[in-house]
Amino acid sequence: MKFTDGYWLWREGTEAVHPAQVYRATATPDSLTVLAPVKPIRTKGDLTSGPVVTVRCTSPLPDVIAVEISHFAGDEPAGPEPDLDLSGAAPVKVTVDDDTAVLTSGELSVRFARGDTWSMDFLAGDRVLTRSGPKAMAVITSDGRPYVREQLDLGVGEHVYGLGERFGPLVRNGQSVDIWNADGGTSSEQAYKNVPFHLTDAGYGVFVHHSGKVSYEVASEAVARVQFSVPGQSLRYFVIHGPTPKEILRRYTALTGRPARLPAWSYGLWLSTSFTTSYDEDTVTSFIDGMAERDLPLSVFHFDCFWMRGYQWCDFAWDEDAFPDPPGMLKRLKARGLRICLWINPYISQHSPLFEEGRRAGYLLRRPDGGVWQWDRWQPGLAVVDFTNPGARAWFAEKLGALLDMGVDSFKTDFGERIPLDVAYFDGSDPERMHNHYAHLYNEVVFDVLERHRGKGEAVLFARAAAAGTQRFPVHWSGDGESTFAGMAQSLRGGLSLGLCGFGYWSHDIGGFAGLPDAAVFKRWIAFGLLSSHSRLHGGGSYRVPWAFDEESVRVLRDFTRLKMRLMPYLARIADEAHTRGLPMMRPMVLEFPDDPACAPLEAQYMLGDSLLVAPVFSAEGHVRYYVPEGEWTCLLSGRTVTGPRWVAEQHGFDSLPLLVRPGSVLPMGAVDDGPEYDYAAGVVLRLYAPPATLHTTTDVVDAEGTLLASFTVDRRAGRTRVSVDRPVPDWSVQFVNAPGADGVPLRPAPGALVIEAAE
């Protein structure tokens, strides 16, 4: 939201005041509070009127400082606010003298100047990270409505990232962004998952603790500042020190929550009925038979909207014309080793039997006059479940529990973005603040019922809408993308941006949703999809079984699915990092290489974990251009080497793409390629890629629950390499790739031995 007319003027109907100086600084053992009048105080007469801005600083965690700006303290919004872990204050040091007032938490400090000019600096040690300078902080009235605005300085060449899953350029500089969930697809400025958190490559991040609309002007209205504003009389934000992007994410997710662990089966291939296609039990069976006949590993089958009868979403009842024996069908599918996912949304059609039940019980959102809020978009007479009502939460969960008892394993929690403002919530929540937060409550309810029925580590969603903190209820997918190469690139940008906001797992519709992809788009998307944390074949009005495109699609799907299954020992480790450290499995290059300036703007390639560079191919002909950081990288698929730093231009067939292993990596490859559920340590091959002359590293192999299966230690010095394991592991081996004297043949220990030694 812009308030100014260029540098000198305010927009018509807008007035603003700014802190002019620190009049009083008050220190307590855990806080620093500053009173900042909006005009210099020279005489006692200047103390007889306002406004005065109050700025209070505290610290919930080391290296995290909370700043609360307030004007009129009597304005108490109804909430809700994003859930935070504020269980205890971090130790702080507070000092106030004639020149400065300072609060320090860990390495991070906030420093107020006590002279005639307003300045609030954030420092890491002695280095200024950013500052709120003169006329940056403001209390504003625009068109009669109050706002609080903050602006934080950007350094020359500083890049800004984050603000949720956004499908435009990854670097936010120059963009205007409203944190407001919308059902806008992947090809517009709107987003399903809006998060008021950004980080920069200057060593810090900023989280605005506000669940309603937060308006950002990122190097746009003021080109050397990040601006954020909220309606009302107060604004609270957290400055989070790194210094690395990984440390920023670790601290941010310690504050807002980390993704739950996911079961191993969720990393396998998901196949869907698609949306408006024609399907019944025979169709489903033919798809599953077709996958088996073509030797295509399949883990999950998803039923989209029309598992229920038309015009009745949601009634949570199977369409018995298409599926006459749901319990029997699910039993037959599960006998084939499949998990089952069902589509749901938080809306109740007027023609659903549940509408009257929910209306009578008060479980549906109401208008201020007491009637049920309804409209005709999506479903006729659609109403919205009020998840602020504990009874409604239990009612909704009960309906899902019956499906879980029938044999369902997961739910696709679709929609949750078009949440109205002209409503009254059961608990009195502010509708403006609930608009984004609604998605959080919706996914929380569904995730909780899955955990109750299946246990921790077994709950999986396929969620579209989200807000700050919703990363705790994975998985999230990109929503409705175009079935084009442009749509594929849009989805990737959205996923990378979301990962920089603490969402550890992410997926997308292989082949896109809107439209029928041609075979080239579909095959290129398969490779990208199987090198994502979660992989699903799903479309809008057309099927996504590979034989519907061509036989080469079948081969490409088979090869990349089997590759992903063999990568499970590696993927399980980086999934564990998502849960324990808040790091995304799919990482923008800047997250892994923050000191390489060439990586700052990269958005068409990514790191899958810390060891694999993936550059999807966005052309039918196979032309691709990508950047390789420093070192001798090895193509996982061909074994050839690429030395960086440099840009590389290549051409790839549909069975290939740039998939490079980072130099010095120890990549554990599993012994099983037909599914994700197996003992990742048994038969593991440790591949040592271009190891340096001196190396000491440990590679842990864990299962999906984070349990350590084996820990391998590599010691390399003076031309000899020693690899040891901490416990007996059957059939493990070591393979040197692009190492001096190596022939690529796996080396195996003597029977029962825990050590392999090799000389160049």
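These legends describe close-up views of a predicted model. Residues are numbered from 1 along each chain as its sequence is written, and side-chain values use heavy atoms, with hydrogens and water left out. In this predicted model, local features need pLDDT of at least 70 and side-chain atom pairs count only at pLDDT 80 or more, while totals for chains, interfaces and linings use all residues.

**View 1. Two cis peptide bonds.**
A cis peptide bond joins proline 474 to valine 475, with omega about 10°. Valine 475 sits in the loop between helix 6 (431-454) and strand 28 (476-477). Helices (H or I, at least four residues) and strands (E, at least two) are DSSP runs, numbered from the N terminus. The bond from glycine 644 to proline 645 is also cis, and its omega is near 10°. Proline 645 belongs to strand 36 (residues 641-651).

Phenylalanine 415 is not a glycine, yet its phi is positive, near 65°. The residue lies in the loop between strand 27 (410-413) and helix 6. Phenylalanine 415 is buried, at 7% relative accessible area. Buried means under 20% relative accessible area, exposed over 50%, and partly exposed in between (1.4 Å probe, protein chains only). Alanine 690 has a positive phi of about 40° and is not a glycine either. Its place is the loop between strand 39 (685-689) and strand 40 (695-702). Alanine 690 counts as buried, with 12% relative accessibility.

**View 2. A nonpolar surface patch of Tyr7, Trp8 and Leu9.**
Together these residues have about 500 Å² of accessible area. Accessible areas come from the Shrake-Rupley method with a 1.4 Å probe; for residues, only the protein chains shown count as cover. Patches are made of residues with over 30% relative accessible area and no salt bridge; like charges are joined within 9 Å, and nonpolar side chains (Val, Leu, Ile, Met, Phe, Trp, Tyr) within 5 Å. Leucine 9 lies in strand 2 (residues 9-10).

Helix 8 (residues 519-530) has twelve residues. From first C-alpha to last it reaches 17 Å, close to the 16 Å expected at 1.5 Å a residue. The expected span is 1.5 Å times one less than the number of residues. Eleven of the twelve residues are buried, so helix 8 is largely enclosed by the rest of the structure. Among the buried residues are Phe522, Lys523, Arg524 and Trp525. Aspartate 518 caps the N-terminal end: a side-chain oxygen lies 3.1 Å from the backbone nitrogen of alanine 520. A polar contact is a pair of N or O atoms within 3.5 Å; within protein, one must be able to donate a hydrogen and the other to accept it, and residues adjacent in sequence count only if both atoms are side-chain atoms.

**View 3. Salt bridges.**
The whole structure holds 48 salt bridges. A salt bridge is a side-chain nitrogen of Lys or Arg within 4 Å of a carboxyl oxygen of Asp or Glu. Arginine 418 pairs with aspartate 183, the closest N and O atoms being 3.6 Å apart. Arginine 418 lies in the loop between strand 27 and helix 6, and aspartate 183 in the loop between strand 16 (175-178) and strand 17 (197-200), so the pair ties together parts that are 235 residues apart in sequence. Arginine 418 is partly exposed at 34%; aspartate 183 is buried at 19%.

Aspartate 289 forms a salt bridge with arginine 336, with the closest N and O atoms 2.6 Å apart. This pair links distant parts of the chain: aspartate 289 in helix 2 (residues 281-293), and arginine 336 in the loop between helix 3 (326-335) and strand 24 (339-344), 47 residues apart. Aspartate 289 is partly exposed at 26%, and arginine 336 is partly exposed at 40%.

**View 4. Cysteines without disulfides.**
The search of the whole structure finds zero disulfides. A disulfide is a pair of cysteine sulfur atoms within 2.5 Å. The sulfur of cysteine 314 is 8.3 Å from the closest cysteine sulfur, that of cysteine 305, too far for a bond. Cysteine 314 is buried, with a relative accessible area of 0%. Cysteine 599 is in no disulfide; the nearest cysteine sulfur, in cysteine 635, is 19 Å away. Cysteine 599 is buried at 1%.
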